[in-house]
Amino acid sequence: MLLRLAYLGVTNAFAMLRLLPVSARGKDVEILALRHQIEVLQRQLNGQRVRFDAADRAFLAALLHGLPREVLGGMRLLVRPDTVLRWHRDLIARRHAAQSRPKRGGRPRTVYSIRALVLRLARENPGWGYRRLHGELLVLGVKVAASTVWEVLKEAGIDPAPERSATTWADFLRSQAEAPLACDFFETVTLSGARMYVFAVIEHATRRIRIPGATAQPTASWVTQAAKNLVMDLEDTGCRARFLIRDRDGKFPALFDAILKDGGLEVVLSGVRMPRMNALMERWVQACRRELLDRTLVWNQRHLLHVLREFEKYYNEHRPHQGINNARPLHPLPSPIAEPDRIARLDIRRRDRLGGILHEYQHAAA
């Protein structure tokens, strides 16, 4: 805007110099011609407003503000006299605001590292209020005012401690990740139309999946035997789970819970119509359907057990999981490749499972 205003001032100064040798009669004729051109322009605009940019408004306001209102009213302008006077008031107001702006700012903003530390402490300790957080900072040798801690929490949209200390079911499962297992039945249909019931168990800590079996008739004796097999498998692998989450399905007999209790597992029933209480198991069922069963024609129970065993191996040994930082249930992530030569000469081989439904990728043997 300043550059545009300077340009207008220079061009109009040269225009005034050009008018010096012109006679009074010539100036009157030019004024009449300009007034007539303005009338023609207003007729063509047909009531539409002419838009001036900031530099044009400032120049016209500085040029015309000294004239009386009566003189402005008699001039042929594209805007009303009140508009010119308003432009002049705005120009003076902006100039006054610029001169009144303090040379120094207010109190400096809190250092980013301190803000990050405050937010981290609040996130990791939902029951701590801003006074408790302030005390912890002083213990760490970070000296800030308690009001500063309060302002940081407010700007980040973090509620006061009583409103954020309540533990959600998802937070509870995350904090108890090494303790629980989860199980569920889900259905699938073979090509002959037979309905099969698959029993699956997942570990919250490692996301390892176990499929004790599948049957067309989940009787009490079959489910009880599946519980026995599960307890023995957990003992063989050294699993330290203490809880097992299941829904209130009638397929689970009382003897199922008793066998698990003898094996050191306490059964926790999920709430009615509360799928988030068994979210990991529900998520695995969804993955099993999308990645396997929806892409496979299951002939019979034997074929179903075969494809489930293959998917169990693929899921536990190769498939990465975001919930455990993209590691695999039975294998941690390998160290990143640091050698530029190896990166430039990647030789990746594919291994197909179940005829190409599942793909595994690995480096070629050296």
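A residue counts as buried when its relative accessible area is under 20%. By that cut-off, 31% of the 366 residues in the protein chain are buried. The model on your screen is predicted.

**Stop 1: the whole chain**

Start with everything in cartoon view. The protein chain holds 15 helices and 7 strands. Now think about contacts between residues at least 6 apart in sequence: 55% of them join residues at least 24 apart.

**Stop 2: the five-stranded sheet**

Select strands E1 to E5. They make an open sheet, in the order E3-E2-E1-E4-E5, with mixed pairing. Which strands stand at the edges? They are E3 and E5 (266–269). Each has a single partner strand, so one side of each is left without a neighbour in the sheet. Look along the sheet for its twist, which averages 25 degrees from one strand to the next.

Zoom in on E2 and E3. These two strands run antiparallel and are joined by 5 bridges. Show Ile202 and find Ile209 of E3 opposite.

H12 lies across E1, E2, E4 and E5, and runs at about 160 degrees to E4.

**Stop 3**

Centre the view on Trp284. Which residues does Trp284 touch, not counting residues up to four places away in sequence? They are Phe186, Ala200, Ile202, Ile209, Ile211, Phe311 and Tyr315.

**Stop 4: Lys313 on H14**

Stay with helix H14 and pick Lys313. Is Lys313 buried, partly exposed or exposed? Its relative accessibility is 42%, so Lys313 counts as partly exposed. Beyond residues up to four places away in sequence, Lys313 touches His318 and Arg353. Now draw a distance to Arg210. Lys313 and Arg210 are 103 residues apart along the chain, yet their C-alpha atoms are separated by 9.5 Å.

**Stop 5**

Most residues other than glycine have a negative phi. Asn325 has a positive phi, near 60 degrees. Asn325 is exposed, because its relative accessibility is 64%, over the 50% cut-off.

Asn326 sits in this loop between H14 and H15 too. Its phi is also positive, at about 65 degrees, although Asn326 is not a glycine. With a relative accessible area of 41%, Asn326 is partly exposed.

**Stop 5: the E6–E7 hairpin**

Select residues 348–353 and 358–363. These are strands E6 and E7, which run antiparallel and are joined by 6 bridges. Show Asp352 and look across to His359, its bridge partner in E7. E6 and E7 form a hairpin with 4 residues between them. In the turn, click Leu354: its phi is positive, about 55 degrees.

**Stop 6: helices H6 and H7**

Finish at residues 112–124 and 130–139. These are H6 and H7, packed at an angle of about 125 degrees with their axes 10 Å apart. That angle makes H6 oblique to H7. The crossing is right-handed. For the contact itself, show Leu117, Val118, Leu121 and Ala122 of H6 with Leu133, Glu136 and Leu137 of H7.

One more pick in helix H6: Arg115. Is Arg115 buried or exposed? Arg115 is buried, because its relative accessible area is 16%. Leaving aside neighbours within four places in sequence, Arg115 is in contact with Arg109, Thr110, Val152 and Glu155.

How values were computed: Residues are numbered from 1 along each chain as its sequence is written. This is a predicted model: local features need pLDDT of at least 70, side-chain atom pairs count only at pLDDT 80 or more; totals for chains, interfaces and linings use all residues. Side-chain values use heavy atoms; hydrogens and water are left out. Two strands pair if DSSP finds at least two bridges between them. Buried means under 20% relative accessible area, exposed over 50%, partly exposed in between (1.4 Å probe, protein chains only). Contact means heavy atoms within 4.5 Å. Axes are lines fitted to C-alpha atoms, for helices over the stretch in contact, and angles run from 0 to 180 degrees between N-to-C directions. Angles under 35 degrees count as roughly parallel, over 145 as roughly antiparallel, 65 to 115 as roughly perpendicular and the rest as oblique. A crossing is left-handed if the near helix is turned anticlockwise from the far one by less than a right angle, and right-handed if clockwise.
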